[in-house]
Amino acid sequence: MIEWVSLRTGARPVPKPVATPLVWAATSGSALLLVAVLNTLIGPGRPSLALTVLSLLAALLGLRAHFAAAPGTAVLCWLFLNGFAIPPAGTLTWAGHRDTLWLTCLLTAALLGTTMARLRNAHAAYRRVTAGITPAAADQEPRGR
């Protein structure tokens, strides 16, 4: 008789976040590539579309990053958005309310991605821990009472 045994016995570790400099390097390369593709396909006069795409990028990169990487990720995305997605290309400008809104959107997206990853990992770890508890053991009273 063949008995199937799971090779994954024991708890799996929670994934560790990627180092912050690596996240920032990925942000720089990905943001540059995305802005270049958007400028080629659609044209450089669409900052709202570029903001949306770069916010999604910040959220995706936040899924594997530390919380400390979020401000740098937002600033790097903003630099490519401000420098290359709006005319004149290659010129950084600061328009108070607009750029503050853009930075806030990008920071919120990066923090939201990181928070979602932490909640997902915590939920998965909780399910792994509680899956090993039998229903009979869960119904018993703690010994200290």
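Me: Which residues make the contact between α1 and α3 in this predicted model?
Reply: From α1 come Val 23, Trp 24, Thr 27, Ser 28, Ala 31, Leu 32, Val 35 and Asn 39. They meet Gly 72, Thr 73, Leu 76, Cys 77, Phe 80, Phe 84 and Ala 85 in α3. The contact of α1 with α3 divides into ten nonpolar, five polar and no charged residues.

Me: How are the axes of α1 and α3 placed, and why is the pair called roughly parallel?
Reply: The axes come within 9 Å and cross at roughly 25°. That makes α1 roughly parallel to α3, because angles under 35 degrees count as roughly parallel. The crossing of α1 and α3 is right-handed.

Me: Why are α1 and α2 called roughly antiparallel?
Reply: Helix α1 covers residues 20-41 and packs against α2 at an angle of about 155°. The cut-off is over 145 degrees, so the pair counts as roughly antiparallel. Their axes lie 10 Å apart. This crossing, too, has a hand: α1 and α2 cross in a right-handed sense.

Me: Which residues join α1 to α2?
Reply: In α1 they are Val 23, Ala 26, Thr 27, Ser 30, Ala 31, Leu 34, Val 35 and Leu 38. In α2 they are Leu 49, Ala 50, Val 53, Leu 54, Leu 57 and Leu 61. By class, the contact of α1 with α2 has twelve nonpolar, two polar and no charged residues.

Me: What makes α2 and α3 roughly antiparallel?
Reply: Helix α2 (residues 47-62) and helix α3 (residues 70-85) pack at about 155°, with axes 10 Å apart. That angle makes α2 roughly antiparallel to α3, because the class begins over 145 degrees. The crossing of α2 and α3 is right-handed.

Me: Which residues does α2 bring to α3?
Reply: Pro 47, Ala 50, Leu 51, Leu 54, Leu 57 and Ala 58 are the α2 side. They meet Thr 73, Cys 77, Leu 81 and Ala 85 in α3. Nine of the residues in this contact are nonpolar, one is polar and none is charged.

Me: Why is Asn 121 called buried?
Reply: Its relative accessible area is 11%. Buried means under 20%, so Asn 121 qualifies. Asn 121 sits in helix α4. Neighbours within four places in sequence aside, Asn 121 is in contact with Val 14 and Pro 15.

Me: Why is Ala 95 called partly exposed?
Reply: Ala 95 has 30% relative accessibility. Ala 95 is in the loop between α3 and α4 (96-131). From Ala 95 to Asn 82 is 13 residues in sequence and 10.0 Å in space, C-alpha to C-alpha.

Me: How do you know whether the peptide bond from Pro 87 to Pro 88 is cis or trans?
Reply: Omega is near -5°, and the bond is cis. Most peptide bonds are trans. Pro 88 lies in the loop between α3 and α4.

Me: What is the secondary structure of the protein chain?
Reply: The chain has five helices and zero strands. Along the sequence the pattern reads α-α-α-α-α.

Me: How many of the residues in the protein chain are buried, as a percentage?
Reply: Buried residues make up 27% of the 145 residues. The chain exposes about 9,800 Å², and carbon and sulfur atoms supply 69% of that area.

Technical notes: Residues numbered from 1 in each chain as written. Predicted model: local features only at pLDDT ≥ 70, side-chain atom pairs only at ≥ 80, totals over all residues. Heavy atoms only, no water. Axes fitted to C-alpha atoms, helices over the stretch in contact; angles between N-to-C directions. Helix = DSSP H or I, 4+ residues; strand = E, 2+ residues; numbered from the N terminus. Parallel < 35°, antiparallel > 145°, perpendicular 65-115°, else oblique. Left-handed = near helix turned anticlockwise from the far one by under 90°. Contact = heavy atoms within 4.5 Å. Nonpolar A, V, L, I, M, F, W, Y, C, P; charged D, E, K, R; others polar. Buried < 20%, exposed > 50% of the residue type's maximum accessible area, 1.4 Å probe, protein only. Areas by Shrake-Rupley, 256 points an atom, 1.4 Å probe, with all protein chains shown as cover.
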